[in-house]
Amino acid sequence: MSASTERKNRAAAIAAGTDKKTLAAREAEEKARKSKRKWIIGTIAVVLCIALVLFLSSPIMYRITTAETVGSLSYSPAELNYFRANSKSSLAGYGYDNVVSYFGQETADQLLENDVNSKLIRNAALVNYAGEQGISLSAAEKKAVADVAKTQMQYLREGAKTNGVGLSTYMSYIFGAGVNESVIRSAMEENSLASKAMYNKFLEMNYSPEELTAYYETPADGDLFTYATYLVTAEEGADPAEAKTAAEALVDSFHDGYDGESDLVTAFNELLAEDFPEASATERNNILGSDLEADLHDWLMDESRQAGDITAIEGDNGWTVVLFRERSDNSQETASVRHILIMAEADESGNYTDEAKAAAKAKAEEILAAFLAGDQSEAEFAVLASLYSEDTGSSGAGGLYTGIEPGQMVPEFDEFCFAEHNHGDTGIVYGDNGGYAGYHIMYYVGKMSARDANALDNLRGDALNDWLTELTQGMERNNRWAYKLVG
């Protein structure tokens, strides 16, 4: 090849970019590009791993993942943590820690699991039922949830401040990881909707006068009995017949010594003190005939029984001396109401200032106004009572008191109960019994005899339990991968 031809070829290769120098430079550039790309990909991978670790350990993970499904409901780890924490605080009426102290860790854990299981399944079934029936929370109920959640958050902030920790840390300690105000509010709304569905069903369960009468196997089962008892037992190692002899002697002594004028139980206790120092009779007041002790039932039920009658009856543990006082047909008129108690805040001396009472009254008026702006249903009032009422004895039943007799409640409450009202009438009354001062938001339910009120309570309770059993039939909890974050 001539020199000129070689120069031409070299020039052509340079122009085409295929000469050795250009190819070497391009190869070096490609290697550098690949090295840089590997470094970038590696850096991104490290960053993503760090981000994943931070994400998995952050509270957000506890709120956006699904730990469990029950029916159509899904629960995040945070929601289950909050649910379990509430079950712990109320477990068996004592609280989890007390149950552990009394019965041991294993029993406490089993009771807790049973409680959580039944409540989750019941809630899911009731929420599903609410959707089917078109039941939803009213504006007043949603506001109540928001108010209660806000109040709870105030207490939590104060607790965090007192303990010198951040709010998130304190809430994790109280409830478990991931719980925040949104989780609390969501759980309260779900519980309130489930409660409203249950109250709606409960209120549909009505019974005729004939059905109320037929509730008792015999008319006497609805009567009330008042009597006193004292159990006489033989001393250890002694002849059991000695108990019978001693019991019969008490009966004879009462027959011989009672003057017919003094209080029966007082006279009986005075007699007991002669042979049994520091002993006293057990008083049994207004016991339903259906609840009488089996050993005493037939004697107390005798239609000829009169005040002052006394006898000795053999039982499994000895001889019971029974003193009859009174029998009532339990037909007295009673009232049923729902109420929401808003208590005034006591000062450092335990007194209730006019300002504190005025604040309680203003809050009561605000709650009633919100209720009256809605559909004013009894079920809605019951939900508001379960959220707002500071009367722990009735808030769990939607503020319901049944079988109220005249004079049983504080004067203003009592007056509302026995005034002329129609079902659904409302009002606000003052209440003060020395242990509290505040205002009751009243919802009038109705009046009926005490025996019918008792029958209605029992019939409704039994029917509601049967309905809930049927409603929850076949429902199960299904764990998801995030369940391992619960606890």
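This is a predicted model: local features need pLDDT of at least 70, side-chain atom pairs count only at pLDDT 80 or more; totals for chains, interfaces and linings use all residues.
Me: Which residue in β2 stands opposite glutamate 68?
Reply: Strand β1 covers residues 68-70 and is joined to β2 by three bridges. The two strands run antiparallel. Opposite glutamate 68 stands tyrosine 75.

Me: What kind of aromatic pair do phenylalanine 371 and phenylalanine 381 form?
Reply: A pair of aromatic rings is described by the distance of the centres and the angle of the planes. Here the centres are 5.4 Å apart and the planes stand at 80°. Planes over 60 degrees apart count as edge-to-face, so the phenylalanine 371 and phenylalanine 381 pair is edge-to-face.

Me: How many residues apart in sequence are the parts that phenylalanine 381 and tyrosine 443 tie together?
Reply: The rings of phenylalanine 381 and tyrosine 443 form a tilted pair, 5.2 Å centre to centre with 40° between the planes. Phenylalanine 381 lies in helix α15 and tyrosine 443 in strand β10 (residues 437-449), so the pair ties together parts that are separated in sequence by 62 residues.

Me: Where does the charged end of lysine 88 sit?
Reply: A charge sits over a ring if, among other conditions, NZ of Lys is within 6 Å of the ring centre. For lysine 88 the distance to the centre is 4.6 Å. Its charged end sits over the ring of tyrosine 96.

Terms used:
Residues are numbered from 1 along each chain as its sequence is written. Side-chain values use heavy atoms; hydrogens and water are left out. Two strands pair if DSSP finds at least two bridges between them. Helices (H or I, at least four residues) and strands (E, at least two) are DSSP runs, numbered from the N terminus. Rings of Phe, Tyr and Trp (its six-membered ring) pair if their centres lie within 6.5 Å; planes under 30 degrees apart count as stacked, over 60 as edge-to-face and the rest as tilted. A charge sits over a ring if NZ of Lys or CZ of Arg is within 6 Å of the ring centre and within 35 degrees of the ring normal.
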